[in-house]
Amino acid sequence: MKYSEIAHSSHPQHKLRFECSESPFKCDGCKEVGIGSRYKCTACDFDLHMQCAISSPAISHSFYTKCSFQFLSRPPGDKPRICDACEREVTGFLYHCKDCGFDLHPCCAKLPMVLDDGESKLYLYRKVSASCQKCGRKGRSWSYRSSCKKYNLHVACVKDMLVENWQGYLGEKSVRKFDTRIPSLKNTLPTQNKSKSKTKKGLQMAGLALQFVISAVLGDPTTLIAGVIGTMISRA
């Protein structure tokens with residue numbers, strides 16, 4: 001459910017207003033990057049993903065049928081915690097299963113099981129045997145795989161690409177001028193023994209898959225934001 005304005009315990013000074021922006025932001029809840037829909041305090045430059053701002057006290061996940069995940073504002077214990085979806089460190093808001101020890105970033109916990117743009121579908125898997133289009137490895141983190149099974153992207157690899165391009169912004173929240181380009185997959189697809197037309201089509205399909213996976217990972221899996229991501233990719 002979306003509200004135009006909310007009060008949140010992590011920022012008691014002011015209320016947060018809903019807005020949708022094409023500019024990436026760093027969430028002050030989970031400390032991960034986001035784009036699109038968010039709740040923001042303009043006066044304090046405070047941002048929350050929708051998933052962080054309007055969280056559930058407890059959730060279940062189809063990948064972990066025996067787990068009950070509780071929402072926490074900080075990781076439990078004094079040892080580093082790693083998100084089991086994207087393999088990035090958990091430093092802020094999270095969903096944690098006390099019995100099994102699994103951890104999920106709020107946006108990772110709410111990743112859509114299916115991304116559908118009307119023409120193609122990408123399905124979320126906990127593990128796949130196919131190689132990732134970006135890193136070339138199998139296994140690793142959760143993955144989105146196309147229905148045709150030709151395109152597979154690790155959630156971890158997508159986040160790695162974003163962090164690599166937006167490192168300056170992630171390091172200093174006050175920095176407002178930063179590189180918003182998103183790397184394409186044009187150098188990761190095999191091109192040998194393929195015609196130029198087939199290679200071009202393959203790149204277009206891979207780019208489409210990438211833009212929808214990125215928009216989902218950033219917390220806003222909508223056609224609008226996927227289009228913005230697509231524009232960023234075309235500029236890269």
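Visitor: Which residue in E9 does Leu72 stand opposite?

Guide: Leu72 stands opposite Leu94 in E9. This is a predicted model, in which local features need pLDDT of at least 70 and side-chain atom pairs count only at pLDDT 80 or more, while totals for chains, interfaces and linings use all residues. Residues are numbered from 1 along each chain as its sequence is written, and side-chain values use heavy atoms, with hydrogens and water left out.

E6 and E9 are joined by three bridges and run antiparallel. Two strands pair if DSSP finds at least two bridges between them; strands (E, at least two residues) and helices (H or I, at least four) are DSSP runs numbered from the N terminus. The pairing belongs to an open antiparallel sheet of four strands, ordered E5-E6-E9-E10.

Next, the nonpolar core, meaning a set of buried Ala, Val, Leu, Ile, Met, Phe, Trp, Tyr and Cys residues joined through side-chain atoms within 4.5 Å. Buried is under 20% relative accessible area, exposed over 50%, and partly exposed in between (1.4 Å probe, protein chains only). The largest core has 33 residues, and those touching the most other members include Phe69, Leu111, Trp142 and Val213. Strand E6 (64-72) and strand E9 (94-96) each supply at least two residues of this core, as do, among others, helix H3 (155-165) and helix H5 (196-217). Leu111 is in contact (heavy atoms within 4.5 Å) with Leu124, Trp142, Tyr144, Val155, Ala216 and Val217, leaving aside neighbours within four places in sequence. Another core, of twelve residues, lies apart from the largest one and includes Phe25, Cys27, Cys41 and Phe46.

E2 and E3 are antiparallel, with seven bridges between them, and they form a hairpin with six residues between the strands. In that turn, Lys31 has a positive phi of about 70 degrees. Strand E2 (residues 16-26) also runs antiparallel to strand E1 (residues 5-6), with two bridges; there Ile6 stands opposite Leu16.

As for the whole protein chain, there are six helices and 14 strands. Of its 236 residues, 47% count as buried.
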